[in-house]
Amino acid sequence: MPQPRYAVTAIGNAIVDILARAEDDFIAANGMTKGAMQLVFSPEEADALYAKMGPGQEVSGGSAANTIAGMAALGSACGFIGQVADDQLGQVFAHDIRAAGIRYDTAVRAGSPTTGRCLIFVSPDGQRTMNTFLGASHYLPSEALDRALIEDSAYLYLEGYLWDPEEPRAAMRAAIDVARAAGRKVAFTLSAEFVIDRHRPAFRALIDGGLIDVLFANDAELMSLTQTAELEAAIAAVADKVPLLVVTLGPDGAMAIAGGERTVVKAEPVEKVVDTTGAGDLFAAGFLHGQVTGRGLADSLRLGAVCAAECIGHMGPRPVADLKALGGDLA
């Protein structure tokens, strides 16, 4: 089997994040749950909420796209598959991801809906409350897959957020088949508890069927997946079904379980939590970069923690500091 030219190709939501600071009472008054993510199902609803936002900033986002951007910043060759519309936000997204050195060739979708956007309200304590209109990204067809790119990547990385609609779900299932037929690994992130609630049987079928090589989850997501109230019980229910289970624990660090062995690292210190948007995405970036460059689990976890700490220290989900320099010998 030839060596792949790309470290990771990801399939995910192609959306633009719009971030603004907001007080807790504003979040409550507008029916949002602080720290959670909820879907916005129409462009009109998104426009109405956008009109209430204070001064903000626009940055390309999407969970898997953030991870790929972090990996590219660390020096990994990566690709991305995700759909935008033929509009201004679509042009912003495509420019940003290509400017990061990421291969991105997915054709734009003509007509409605518009490019996806996520309206993010950042509380004074750094918690982010997300309202996501997924737009064109949720119409990604199987025909849009770059099968040659997937075959030429060491890992296929998938985000649970995109599992909801029928078309991209079918596309991701097809992508898994392509990757496994080529002898590549499949990594999957559970994304959020509300996603798990909607697709628990499907996610468990992927895991039970041996289709996932690396599973990313935080502690709450893993307990939701297994419908257990104890983290250790959740780990026990999943760890022997995936070759590598990676669990983030917020300020308590992260762990990786492989072959019955557990590796744990502490979180990196953060001078001030500014915005937690994308922290898990950037953790995955550091961890996967460590894995594709031959690092052990402990070093991969540490690099993930370094990348997550950098992300937390500023507004927005994409790195602004030099991740290679921050990672030092780990990068």
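Here are some notes on the fold, going from the whole chain to single strands.

1. A word on the basis: this is a predicted model, in which local features need pLDDT of at least 70 and side-chain atom pairs count only at pLDDT 80 or more, while totals for chains, interfaces and linings use all residues. Residues are numbered from 1 along each chain as its sequence is written, and side-chain values use heavy atoms, with hydrogens and water left out.

2. Overall size and shape. Along the principal axes, the C-alpha trace spans about 50 × 45 × 40 Å.

3. Of the 331 residues, 57% count as buried (under 20% relative accessible area, with exposed over 50% and partly exposed in between; 1.4 Å probe, protein chains only). Among contacts between residues at least 6 apart in sequence, 75% join residues at least 24 apart; contact means heavy atoms within 4.5 Å.

4. You will find 12 helices and 14 strands, taken as DSSP runs (H or I, at least four residues, for helices; E, at least two, for strands) and numbered from the N terminus. Five strands make an open sheet with mixed pairing, in the order S3-S8-S7-S2-S4; strands pair if DSSP finds at least two bridges between them. Strands S3 (37–39) and S4 (56–61) stand at the edges with a single partner strand each, so one side of each lacks a neighbour in the sheet. On average, neighbouring strands here are turned by 20° against each other, direction ignored.

5. S8 deserves a look. Eight of the eight residues of S8 are buried, so this strand is largely enclosed by the rest of the structure. One side carries Arg 128, Met 130, Thr 132 and Leu 134, and the other Thr 129, Asn 131, Phe 133 and Gly 135. S3 runs parallel to S8, joined by three bridges, and Gln 38 stands opposite Asn 131. S7 runs antiparallel to S8 over seven bridges, with Phe 121 and Thr 129 as bridge partners. Five residues lie between S7 and S8 in their hairpin, where Gly 126 in the turn has a positive phi of about 90°.

6. S2 (residues 15–21) pairs with S4 in the antiparallel sense over six bridges, and Ile 18 has Glu 58 as its bridge partner. H4 packs on the sheet and touches S2, S4 and S7, its direction making about 60° with that of S4. H2 (residues 43–52) lies across S2, S4, S7 and S8, at about 35° to S7. Axes are lines fitted to C-alpha atoms, for helices over the stretch in contact, with angles from 0 to 180 degrees between N-to-C directions.

7. S5 and its partners. In S5 (residues 78–81), Cys 78 and Phe 80 point one way, Gly 79 and Ile 81 the other, and all are buried. S5 pairs in the parallel sense with S1 (residues 6–11) over four bridges, where Thr 9 stands opposite Gly 79. S5 also pairs in the parallel sense with S6 (residues 103–104) over two bridges, and there Phe 80 has Tyr 104 as its bridge partner.
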